[in-house]
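Let's take a walk through a two-chain protein model, one piece at a time. Keep the structure open beside you as you read.

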Amino acid sequence: MAEFSYQLVEEVAKELYIRALKKLPPDVKDALEKAYQKETNDTAKGIFKTILENIKVAEEENLLICQDTGLPIYFVTMGSKFPVDGARVVKALTKGAERATLEHPFRGSSTHALTRVNPQTSVGDGLPVIHWEFDEEASHLEILMVPKGSGSENMSAMNMFIPADGVKALKKYVLDRVIASGSKPCPPGIIGVGIGGTADLVTVLAKKAIVRPVGSVNPDPQLAQMEQELLKAINATGIGPMGLGGDTTTLAVHIESAYTHITQNPIAVNTQCWPARRARAKIYPDGNVEYGF
Amino acid sequence: MAHHNLATPLSEEAVRQLKVRDTVTVNGHIFGIRDATQIRMFDEKQVPPVDLKGAICLHTAPSLKKVGDKWEKICVGTTTSIRMERFTPPLIEKYGVRAIVGKSGLLEGSLEAMKKFGACYLAIVGGAAALETQQIEEVEEVYWEDLHPEAIYKFRVKDFGPLIVAMDSHGNHLYFDVYSQAKQKLPEIYGELGVA
């Protein structure tokens, strides 16, 4: 087998960033189309019409869906049957995200946390965000790219409840967060919820929840039921698209969970906007690349 | 819910006829401004080199590229307005701005100024930057270029919209209405969810 090309990973990382910014996944488009069809509020119906037209124009004219090209997040799944050099993958993803920004070009949003200096590269210390996963059966490298805009990310929150607060507190927390966020996260998108784990893990779980396709259901029936209950409750608020009133305030609620400590009851909410952007690629050892969502 | 075709600059009369939930399409010019622009105007007390009387201002940090002397658009979208709340009443009172285009709305101070001086808030669909970019025909001028991407941009627009009147000059605030209706429903929703 020829030596695996990390240059290819860089090209894929660049390509995925640009693809994600221009074409929404079919599950998100379908959910927005359905929301438009069933909307009964005239203002909201008009907003959905604009959203659908914007998606179409971006695809046809090769334009960015939204000007906020976000911070780049990569979820990497390494297959045990195709082990790669993680350090070189990190370098390739970083370079790919930077090249997307400079070569497309589009506005870079990464900024030094104190000096606020923006290198216009979308990367910097600690960026891109990279989450690693492993698959014993896979013989390819999978990369999922998520550009995360600030309007929605700024509405994220986490809280450490105590066990005595129960599940009730968790449900109420999610609903209250959505109401407090109102129009700011460009609803209707996806409400990602993390339950359990530690303070760091619970926020990662919430992020994993927003990258699940709309229509996917948590395999745990108890969590699946909670997803449905929260979806119904959130849409009953009438906050609607862009917070201007309507039947659909969120397209989906996704919950991901982990075991936690006997004294802990953590929750995190990660909010995704209606342009719930993501792009995926599978890289095979022979250099073949399969693109998808 | 009426639809209005507005040409810029806006008169007080044109703004006073707008009611929340009405929709608006704009032809003419729109000025892009943002946080840094208004920090210079109001905190550093510098007067912008362009007349904003009757203007429509858009909260944006556009992606543009300069080709020779000319600025070309890459992507123009709209940012969250609330960060610019404290600048908006003086923008309306001192400079005569008649409309703000943004997302997520502004607060009571701006609403009061809109009522007193005849101005409004026009909500754009956040995230829909592809359409917005297409509706901007040309970046005619950039003032305070050193602040780019938060300079002052004079955009010539064609059929810009539809925008939704979310705060009118009669004291109506659509975001507040939607929020208070959600609050009213909340006890029932809590009950249904079993968290009351």
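Let's start with a pair of residues: B:Ala123 sits opposite B:Ile164, which belongs to β9(B). Before going on, some ground rules. This is a predicted model, where local features need pLDDT of at least 70 and side-chain atom pairs count only at pLDDT 80 or more, while totals for chains, interfaces and linings use all residues. Residues are numbered from 1 along each chain as its sequence is written, and chains are lettered from A and ligands numbered from 1 in the order in which they are written.

Strand β7 of chain B (residues 120-123) joins β9 (residues 152-167) through three bridges, running antiparallel. With β6 of chain B (residues 99-102), β7(B) pairs in the parallel sense over four bridges; here B:Val101 has B:Leu122 as its bridge partner. To get from β6(B) to β7(B), the chain passes through helix α4 (residues 108-117) in a right-handed β-α-β crossover (with the strands pointing away from the viewer, the path from the first strand over the helix to the second runs clockwise).

A few terms: helices (H or I, at least four residues) and strands (E, at least two) are DSSP runs numbered from the N terminus, and two strands pair if DSSP finds at least two bridges between them. In general, strands of a sheet pair through backbone hydrogen bonds, either parallel or antiparallel.

Which way do the residues of β7(B) point? B:Cys120 and B:Leu122 go one way, B:Tyr121 and B:Ala123 the other, and all are buried. Buried means 20 or more other C-beta atoms within 10 Å of a residue's own, exposed means 12 or fewer, and partly exposed is in between, with C-beta atoms placed from the backbone.

## Chain A: a four-stranded sheet

Chain A has eight helices and nine strands. Four of its strands form an open sheet with mixed pairing, in the order β4-β7-β5-β6. β4 (157-161) and β6 (250-260) of chain A stand at the edges with a single partner strand each, so one side of each has no neighbour in the sheet.

Inside this sheet, β5 of chain A (residues 189-197) runs parallel to β6(A), joined by eight bridges, and A:Gly194 stands opposite A:Glu256 of β6(A). Helix α6(A) lies across β4, β5, β6 and β7 (265-272) of chain A, at about 30° to β7(A) (axes are lines fitted to C-alpha atoms, for helices over the stretch in contact, and angles run from 0 to 180 degrees between N-to-C directions).

Most residues other than glycine have a negative phi, and most peptide bonds are trans. A:Cys186, however, has a positive phi near 50°. This cysteine, A:Cys186, is in the loop between α6 and β5 of chain A and is buried, with 29 other C-beta atoms within 10 Å. A cis peptide bond joins A:Pro187 and A:Pro188, with omega about 5°.

## Where the chains meet

How many residues of chain A are in contact with chain B? The count is 44, against 39 residues of chain B, where contact means that C-beta atoms, placed from the backbone, lie within 7 Å. On the chain A side, α3(A) gives the largest share, eleven residues.

Methods
Contact = placed C-beta atoms within 7 Å.
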